[in-house]
Each structure stands twice: as C-alpha cells, then as structure tokens.
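User: I would like to learn how to read the features of a protein model with a ligand. Please take me through one, starting with the ligand.

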Amino acid sequence: MKSDHKLPAPNRREFLGDSAGLLLGGVLGSSLLSAGESSAAFGAANMPQASSASPRRIIIDTDPGVDDAFAILLALSSPELKVEAITPVSGNVPLELTLPNALRLVEIAGRTDIPVAAGASVPLTRRLITASYVHGEDGLGGVNFPPPKTKPVSETATEIIRRIVRAHPGEVTIVAVGPLTNIATALRSDSELASMIPSLVLMGGSISGGNITPAAEFNFYVDPEAAYVVFHSGIPIVMVGLDVTRKVQLRDDDAAALEAGGNPVSKAAGRIARSTIAQYRRTGFPGFPMMHDPLALATLLDPTLVKLKDFYVNIEIEGELTSGESVAYDHAPVRHSAPLESGATIDGRNADEPFRTNTKVAVDVDAARFMRLLVGRLTGRAS
Ligand code: BDR
Ligand code: CA
C-alpha cells in the first residue's frame, strides 16, 4: 500500500516557520471576507453554491468511522455532488482500517469508479490517538463487513488532491471530516494550492467546548498542527463543529427506517446504525451516535440547514491541556496569552494579531430537517 508517509517530524520552531510561509502565500491568494463582517448571521446566500447546471466537484477527506460512513454514503446518494476522490486518513481508527472501510463504502454504493487514495497514517507531529471506543474496533460500529475487493489507487492522498485541484482550479470543494493531516500535507507540498480551493467545509472544532478534552474536538485534537496549517491557509472555511453536530443524533427509529430501505446503501447504513447503537448500550457509552460528518456534507446540499456566523478562528497548538482548541474571535482585538515576565516568547509569536475573518462557523442547525434529509437520501425515499 502506498500511503502518505509521516514527514520527518519538524520541531515546533521549524513547524511554525514553515507555516508562516504558507500563511502568507495563502492569505495573499485568498478571497477572505474583510474585517467588519464579524457578527452577521449567514444563510444560503453566504454558502458556496453549486451551479444548477453541473454537480459540484468535491473531494472527501475522511477517517471512516461510523459518521464518516454516513457522510460518504450521503454524498454518493446525492446527484448534486460529483465525488472526485476519497482520501482516508488515520483518526477514528488507524489508516489500516479507514482505507479498507472507504473501499467497502464505495463498493456498497456501487461506485468503485471513484478513486480512493491512501493518506497519512500518523498526524504531522504527534502520536496517533484513535476513538475505537466510539466507532468499534473495525471503525464501522462492529459490523465487520467482508474485506473489500477494490484496491486503492496508486497515487497518495496528497498527490491526488493536488492533481484534481490543479486540474479544476477554483472548482473543487474539499469536504474534510477527519483529522486534517492530508489537507495540511497537500497544502504544505504546493504553495499555490490554497488559492485554487474555493471552499473547505469541515467537521471539526467547537466554540462551545470539546468532546475529547474540555477544550478540544476530536479531529483537531488528533492533529492540531494540521488544523493550524489549514486555518492559516487562506482557504475560505465553513466549520461545522460540535456546536451543531452534537444536536444531530441517530436514534432507533432512524436505524429501523434505514434497515427497511430497499437499497444496499440503506441496508448497510441500517446495519452500521443498529450495531453502533447496540455497542453504545453494551459499553454504557452515553446518548446516541452523533451524525457529525454527514451534517458537514449536508450543508452543501441544503445550506439553509445551518446558520453561519463569521469568526477569526485560530488553533491552540502550544497548550499542555488545550491543544486542538478552536479559539474564535468575532471582533478585535485578537489577543494572545499575556507575555511572560521574562520576556521570553513562544517562538516569537505571542504578539496580538490584526482582526480578520477566516471562517464561517455553524452556530445553529435545524436538526429534525437534517435527519429527514439524511435518512430520506439513504433510503432513496426523499431528497
Ligand atoms: C469527529 O470525530 C470523529 O470521531 C467523528 O468521525 C467526527 O469527524 C467528531 O468529533
Ligand atoms: Ca470523522
């Protein structure tokens, strides 16, 4: 298997030095909103829109993962989208499982024409942390689907992202629903790439507390440095984080509706749903499976499902307890931690920054309408 190997780990000074170059290139080449647009609520008019004439080109970067599987199946059930590639990364479970899981999902959907390219097996600079306690040892809720027959393409995730984006500059939306290692690696390998990506819709982050630590959401926690690179790239970002994804949960009646569906996608989704709910009950994991990732994907299908608000989002990468926290400012000043009395700085970077917005954050969601869309699309009953 060819995958995006771990880069030689940069030390923190090297990492930040490299990222500063990327930041400058990305911001200069971007179409960021100007300062002052901080507190408007956004609806459909502010989301990246698909042309009515042709489906929107997307690349799905993902770590399947129960809710990732729902996001992939939703995309493959939606004619408004043209899935150009799927690029698995380590996250919920290691790449050795997320890669075959992605291949299984394209087989289930009858879409083995879509290239699946192996991404990073480890985060940029940290040890991999996984979440099999949520997603099952197989990453798909413990269903244990048979091994896929389909193989990954020979290109790596980084190579295929670069090739497809460069072939269609300004046209390919990235939907990133795992740790952002692959996206950061692609951006760092090609300084012009950010300016060719019109929008990056991601599941990650939170402005109301984390899920793996009090501060951090899982995807950003696993690879905070990658999130840092992405949020400083200048790509217009739509952040669909825990603030809204916590509100969309898959319940027993949804699982039953999926099981009753007449197509392979619905039946597979029903099996994953039922098995995951059963695992939650067996292990005492609280609540129901949250549909984090399909909600991010669904904002491309119906932007009115969420309410967006402009922020400047930065990522905590220095914290002993808070790494991966997404810190959102809706007005100036963009204040950093107080300087140390000794005058020492953390790599010279603790000066306050000028305010600008870089991210539309989803702050509210019509959860019932989203769940109807998700189950309706997968069963083939409704759009
Ligand atoms: C995110 O982390 C993963 O467990 C899910 O797939 C989702 O992308 C939620 O924090
Ligand atoms: Ca995910």
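Analyst: This is a predicted model. Around ligand 1 there are 15 residues, and those that come nearest are Gly65, Asp67, Met203, Phe218 and His292.

User: Which helices each supply at least two residues of the shell around ligand 1?

Analyst: Three elements do: α2 (66–76), α7 (218–222) and α12 (292–301).

User: How do the residues of that shell divide into nonpolar, polar and charged?

Analyst: Five are nonpolar, six are polar and four are charged.

User: What does the secondary structure of the protein come to?

Analyst: The protein has 13 helices and nine strands. Of the contacts with a separation of 6 or more, 82% are between residues 24 or more positions apart.

User: How should I read burial, and is α12 mostly covered or mostly open?

Analyst: A residue counts as buried if 20 or more other C-beta atoms lie within 10 Å of its own. In the protein, which has 383 residues, 51% count as buried. For α12, 10 of its 10 residues are buried, and the helix is mostly covered. His292 is among the buried residues of α12, and His292 is also one of the residues that come nearest to ligand 1. Others on the buried list include Asp293, Pro294 and Thr299.

User: How is the packing of two helices described?

Analyst: Two packed helices are described by the angle between their axes and the distance between the axes. Here, α6 (residues 181–189) packs against α8 (residues 224–231) at an angle of about 50°, and their axes are 8 Å apart. Angles of 65 to 115 degrees count as roughly perpendicular and those under 35 as roughly parallel; α6 and α8 are therefore oblique to each other. Their crossing is left-handed.

User: Which residues of α6 and α8 make the contact?

Analyst: From α6 they are Thr181, Ile183, Ala184, Leu187 and Arg188, and from α8 they are Ala226, Val229 and Val230. Six residues of this contact are nonpolar, one is polar and one is charged.

User: Can we end with a single residue? Where is asparagine 314 found, and why does it count as buried?

Analyst: Asparagine 314 is in strand β7 (residues 306–315). Asparagine 314 is buried because 20 other C-beta atoms lie within 10 Å.

User: Which residues is asparagine 314 in contact with, leaving aside neighbours within four places in sequence?

Analyst: With those neighbours left aside, asparagine 314 is in contact with Phe231 and Val327. Valine 327 is 13 residues from asparagine 314 along the chain, and their C-alpha atoms are separated by 5.3 Å.

Key: Residues are numbered from 1 along each chain as its sequence is written. Chains are lettered from A and ligands numbered from 1 in the order in which they are written. This is a predicted model: local features need pLDDT of at least 70, side-chain atom pairs count only at pLDDT 80 or more; totals for chains, interfaces and linings use all residues. A residue is near a molecule or strand if its C-beta atom, placed from the backbone, lies within 6 Å of it. Helices (H or I, at least four residues) and strands (E, at least two) are DSSP runs, numbered from the N terminus. Ala, Val, Leu, Ile, Met, Phe, Trp, Tyr, Cys and Pro count as nonpolar, Asp, Glu, Lys and Arg as charged, and the others, Gly among them, as polar. A residue is buried if 20 or more other C-beta atoms lie within 10 Å of its own, exposed if 12 or fewer, and partly exposed in between; C-beta atoms are placed from the backbone. Two residues are in contact if their C-beta atoms, placed from the backbone, lie within 7 Å. Axes are lines fitted to C-alpha atoms, for helices over the stretch in contact, and angles run from 0 to 180 degrees between N-to-C directions. Angles under 35 degrees count as roughly parallel, over 145 as roughly antiparallel, 65 to 115 as roughly perpendicular and the rest as oblique. A crossing is left-handed if the near helix is turned anticlockwise from the far one by less than a right angle, and right-handed if clockwise.
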